[in-house]
Amino acid sequence: MKHLTRILILIVAGTLMLSACSKDKSDNSSLRFSVPAIYFSQSNTQATASFESHDMVRYYLSQKPAGWDKYIVLNEKEKTLSISLPSELQKSADEKPATVAPSGEIILAGVSSEGIVKSATLFVGLLPTVDLSDKPANCFVVYEKNTHYLVPMTKPDGEPVAADHVDVVWQDQSELLNHIGMEDNCISFFLPENPTDKDQPIHGNAVIGAFDKKNNLLWSWHIWASRVNPEKKAITYTNGYEMMDRNLGAVDNANSTAAERINSYGLYYQWGRRTPFTGPLDYIFTSGIYGFIYNVLGHRVFLKFEDTSAEKGVSTFADLNPLMFLKGEKQNGFDWMWNADDQAWNTDKNNNPCPHGWKVAPMAAFEGLTPDGTPDENACDLYGTKLTDGVNSSLWMGGGRMLYNSGRFQNIYIPAADTRNVAQEAQPWEGLYWTSEAGSNRQAKCFHFWYEKAKNNYGSSLSDEYQRANAMNIRCVRDK
């Protein structure tokens, strides 16, 4: 009986080994295009897309855009697709037939020697292109739906970033940017329409990274997908500064609903860092944690929270670790930098988090701004108010901060001690906006306003300083 049991065990083990070997063999097959997308224009109507494969014995096209059938030729030997823009799409807009799709996906299928079918997808289309290659920056604003964008793979000072590939570091929607690749020393991507409101572009924020062959990050860029062009909404205040009417990274500028409030907070920045962190999970900061972020496949991505050190507390490390919040240490004044750099947002063009032609506001840009009027009946729930210089008025969100010693979101105004008890000290919300100016004792200056429920009033201050490891909101001003 023991002998029979041993034989059965050996048979089962052998079967599992054969199965594993067979599985390993089939997993060696692969198929992919060299580029994710091809964009045509009236002057560029021909293209060739190559593909790479392993252990494939035959190929076929399982999907083509409507009306493109005779314009796509598969060459199995050369491993290429020769694609022409359909002649019907080369006509004027009034003459283009509805039966020919202006864009769509080509799906190439391959059959391996083991009979396994795998596929690769190539997006093709006649679409408008917005070329931002002459505007080097760390942040790019995009707002045209169903549009192909090109952003330069350079640092803001124009230094090229030579990469093997580009990929999403994080995005706050799982399908924010599509068909990300490289084209003519630029990052190429497609901004789709909003799936729930086709009159609007999809909106949100993403960080795209350039990587070497070993998948080491070389540089990253913030893509700000907005509902509108925020540059066209800028306000020139009586202090002489032209300032955006919304926070850096905000996709809305309203606070009537919960959705508007969370969309209007924008992104958060540790003082002197150019790479952003996403906002809170909910607008009332219930849990204190950050909102969900994703990679290009739609899988969750997570931040890291680590203490600063001599090795980590430098801009080169911070640039290459955009998912790491660096907590301040008492011995360095709770600065994320190990050695202070009081000019971090002033002298180094490559450290500017704002779009081309804009910069972090100095303290002078906030001079004259005070809360506009008395609190509304529901001021406690609005998490923001209008500020005015006496002539111009704009909504400002009270988005709190990410705490310097933990990275958790906090939005509580704590006034100077008086006769109130501890319970009365905790007030509903406050707005904290970094300036580009350093403060004393390794702190930095910020513009501060708040709503105080106990006295039902608004307040503001131009003299507050906070630890630089805090992450706060930013308003960009024109770089004049």
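I started with the largest pocket, and its volume comes out at about 950 Å³. For the record, a pocket here is an open set of points on a 1 Å grid over the protein atoms alone, where a 1.4 Å probe fits, with protein on both sides within 12 Å along at least five of seven lines; lining residues have an atom within 4 Å of a point. Grid points are joined across faces, edges and corners, and the volume is the space filled by probe spheres set on the points.

Two notes on the source before going on. This is a predicted model, where local features need pLDDT of at least 70 and side-chain atom pairs count only at pLDDT 80 or more, while totals for chains, interfaces and linings use all residues. Residues are numbered from 1 along each chain as its sequence is written, and side-chain values use heavy atoms, with hydrogens and water left out.

Back to the largest pocket: I find 33 lining residues, with V35, P36, H179, I180 and G181 nearest the centre. Two or more lining residues come from each of β1 (30-33), β8 (117-126), β12 (165-171), β13 (178-183) and β15 (193-194). Strands are DSSP runs of E, at least two residues, and helices are runs of H or I, at least four, numbered from the N terminus. I sorted the lining into 17 nonpolar, 8 polar and 8 charged residues. Here Ala, Val, Leu, Ile, Met, Phe, Trp, Tyr, Cys and Pro are nonpolar, Asp, Glu, Lys and Arg are charged, and the others, Gly among them, are polar.

The second largest pocket holds about 370 Å³. Of its 19 lining residues, D172, I262, N263, T278 and P280 lie nearest the centre. β17 (204-211) and α2 (258-264) each give two or more residues to that lining, which splits into 8 nonpolar, 10 polar and 1 charged.

Next I checked β12. It has 5 of its 7 residues buried, so the rest of the structure largely encloses it. Buried means under 20% relative accessible area, exposed over 50%, and partly exposed in between (1.4 Å probe, protein chains only). β12 pairs with β17 in the antiparallel sense over 6 bridges, and Q171 has A206 as its bridge partner in β17. I count strands as paired if DSSP finds at least two bridges between them.

How many disulfides are there in the whole structure? I get 1, using cysteine sulfur atoms within 2.5 Å as the rule. C354 is joined to C476, S to S 2.2 Å. The two cysteines sit 122 residues apart, C354 in the loop between β25 (324-327) and β26 (358-360), C476 in strand β36 (residues 476-478). The S-S torsion is about -90°, so I noted this disulfide as left-handed. Both C354 and C476 are buried.

C446 is in no disulfide, and the nearest cysteine sulfur, that of C354, is 16 Å away. C446 is buried too, at 0% relative accessible area.

Last, salt bridges: I count 16, taking a side-chain nitrogen of Lys or Arg within 4 Å of a carboxyl oxygen of Asp or Glu. D319 and R274 meet at 3.1 Å, N to O. They are 45 residues apart, D319 in helix α3 (residues 315-319) and R274 in the loop between β21 (269-270) and β22 (293-294). Both are buried. I also noted a salt-bridge network that links D335, D342, R442 and R468.
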